[in-house]
Amino acid sequence: MPDRTYDTIIIGAGISGLACARQLNKYDQDFLIISKDIGGRILTSEDGNANYGAFFVCSDYDNVLKYVTLKSRIRLRDFCFHENKNTYVLFEPKLVRYLSQFIKAYKLLYKFRKKLRLLRKNSETVSQKKAIENNSFLYDLYMQKASDFIKGHKIDSGTDMYLSKVLYSTTFSEVSEMNAFSFLQFLIPLVTPIYTFTFEKEKMIKPFQDKIKIGSVTDIKFKDDKYKIKTADAILYSKNIVLATEISWSKDFAGVKKVNSPVNTNMIHVKGIAKKEISWKNYQLFSPPGNVQAVADLKDGTYLFYYKNEVPDLKDYFENPYIIASKQWRPAGTINGHNLIESNRGNNMYLIGDYNIAGLEESYITGLYSANQIIQSD
Ligand SMILES: Cc1cc2nc3c(=O)[nH]c(=O)nc-3n(C[C@H](O)[C@H](O)[C@H](O)COP(=O)(O)OP(=O)(O)OC[C@H]3O[C@@H](n4cnc5c(N)ncnc54)[C@H](O)[C@@H]3O)c2cc1C
């Protein structure tokens with residue numbers, strides 16, 4: 001690496017760092033992106049067929065959709081819910097009992113989706129924190145506990161029966177841990193088509209691949225109006241810095257005191273013959289706070305098995321299970337809480353990623369925001 005001062009160094013090449021890089025590149029900015037890997041929590045199996053991290057995209061992920069190929073649609077009829085030893089699907093007679101609650105939840109979701117789309121637009125030029133604060137409907141949801149929201153709207157039993165299991169499989173959290181914003185955000189798949197996908201990494205990085213350095217940053221210092229960035233084999237300098245790593249790492253450098261709570265999960269990619277309990281539908285959704293969270297049938301004789309803490313005995317679920325790969329997500333995200341963090345940290349430092357709101361599209365937009373700020377100040 002030449003010993004010179006870059007205009008911008010981005011640390012982290014997950015979707016947020018890559019979005020920032022693409023936008024800076026589009027406007028001919030001088031930058032370097034340093035990361036341990038490319039994709040971050042978009043992690044693919046060796047053969048490229050299974051997504052070990054982010055699993056689905058929504059049809060309204062306008063930015064992210066440019067860099068993915070859609071695979072199969074995930075439909076509500078593909079879900080099988082597990083409660084103790086009972087299994088049930090959505091479209092069966094007992095749903096009638098919960099119909100009025102579902103109608104209420106759908107109305108709330110349509111309203112939320114409209115506001116979220118507006119938030120996405122606004123947060124390309126205003127920090128995500130300020131954009132949420134400027135929208136009283138979304139801000140109040142962020143500051144409210146999901147459990148109070150659910151009680152207030154009298155959708156408790158429908159949530160227990162169905163929604164809590166959907167949320168356990170996507171947020172790896174219990175409803176009691178969530179804020180009302182995340183509760184609604186992670187139910188958007190009920191009102192918006194979602195698809196499994198292949199990440200087109202090469203397409204994403206092609207215009208700036210010569211500006212990527214694979215490596216781990218070990219220290220950052222700010223002195224004489226520039227940043228000194230240390231990796232195992234180099235010391236680099238920049239005027240602007242974009243921290244696009246997990247918040248657990250970047251918070252100290254950015255001087256952030258309070259962050260939302262981390263959520264962990266573990267995943268096993270397993271080949272085997274599914275036993276009866278998990279063979280009814282493609283997606284098995286389990287009850288919080290049980291150890292098993294979800295199982296996805298990838299339709300190629302392999303399954304993704306998500307669990308919370310203890311390594312499960314796979315023989316309870318499969319004949320002849322064979323482990324292809326496993327991954328501990330520590331954390332998978334930091335969505336639970338009411339702490340909104342400002343992206344613009346002053347001194348030309350930007351913090352981007354999914355620390356306020358999780359998800360690929362939301363993370364992408366934080367990257368766009370930081371790049372737009374840098375381009376504007378140029
Ligand atoms: C199991 C799981 C399932 C998910 N499912 C979905 C889903 O279906 N749909 C959806 O929209 N979202 C989903 N998400 C959330 C989504 O993946 C994240 O919100 C998003 O990928 C976060 O992107 P990011 O750029 O903020 O962070 P990351 O993707 O975590 O990127 C951080 C980058 O920083 C790098 N890095 C870290 N430390 C250093 C260092 N010291 N030096 C250099 N580089 C460093 C990392 O290697 C990584 O490349 C899921 C997440 C997980 C874990």
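# Loops, strands, domains and the ligand shell

Me: Where is Asn84 placed?
Reply: Asn84 is in the loop between strand 5 (79-83) and strand 6 (86-88). Strands here are DSSP runs of E with at least two residues, helices are runs of H or I with at least four, and both are numbered from the N terminus. Residues are numbered from 1 along each chain as its sequence is written. The model is predicted: local features need pLDDT of at least 70, side-chain atom pairs count only at pLDDT 80 or more, and totals for chains, interfaces and linings use all residues.

Me: Why is Asn84 called exposed?
Reply: Asn84 has 7 other C-beta atoms within 10 Å. A residue is exposed if 12 or fewer other C-beta atoms, placed from the backbone, lie within 10 Å of its own, buried if there are 20 or more, and partly exposed in between. Asn84 therefore counts as exposed. Its phi is positive, about 50°, although Asn84 is not a glycine.

Me: What makes Asn347 exposed?
Reply: Asn347 has 12 C-beta neighbours inside 10 Å, so it counts as exposed. Asn347 is in the loop between strand 17 (344-346) and strand 18 (349-351), and has a positive phi of about 50° without being a glycine. Most residues other than glycine have a negative phi, and most peptide bonds are trans.

Me: Which peptide bonds are called cis, and what is omega there?
Reply: From Pro288 to Pro289, omega is near 0° and the bond is cis. Pro289 is in the loop between strand 13 and strand 14. The bond joining Arg330 and Pro331 is cis as well, with omega about 0°, and Pro331 lies in strand 16.

Me: How do you know that strand 13 and strand 14 pair?
Reply: Pairing requires that DSSP finds at least two bridges between two strands. Three bridges join strand 13 (residues 283-285) to strand 14 (residues 292-297), antiparallel, so they pair. One of the partners is Ala296, bridged to Tyr283. Strand 14 and strand 15 (residues 302-307) are also antiparallel, with five bridges. Four residues lie between strand 14 and strand 15 in a hairpin, where Lys299 in the turn has a positive phi of about 65°.

Me: What makes a set of residues a nonpolar core, and how many residues has the largest?
Reply: A nonpolar core is a set of buried Ala, Val, Leu, Ile, Met, Phe, Trp, Tyr and Cys residues joined through C-beta atoms within 7 Å. The largest has 107 residues; Ile9, Ile10, Cys20, Phe183 and Leu285 have the most contacts inside it. Helix 10 gives the largest share of this core, seven residues.

Me: Why is the ligand said to lie between the domains?
Reply: Domain 1 (5-48 + 198-260 + 338-377) and domain 2 (75-191 + 263-336) both give residues to the shell around the ligand, so the ligand lies between them. The bounds come from an automatic or database domain assignment. Of the 34 residues around the ligand, Gly12, Gly14, Ser16, Gly40 and Gly353 come nearest. Strand 2 gives the most to this shell, four residues.

Me: How do you know that the domains touch?
Reply: Contact means C-beta atoms, placed from the backbone, within 7 Å. By that test 23 residues of domain 1 are in contact with 20 residues of domain 2. Helix 10 provides the largest share of the domain 1 side, six residues. The domain centres, taken over C-alpha atoms, are 28 Å apart.

Notes
A residue is near a molecule or strand if its C-beta atom, placed from the backbone, lies within 6 Å of it. Two residues are in contact if their C-beta atoms, placed from the backbone, lie within 7 Å.
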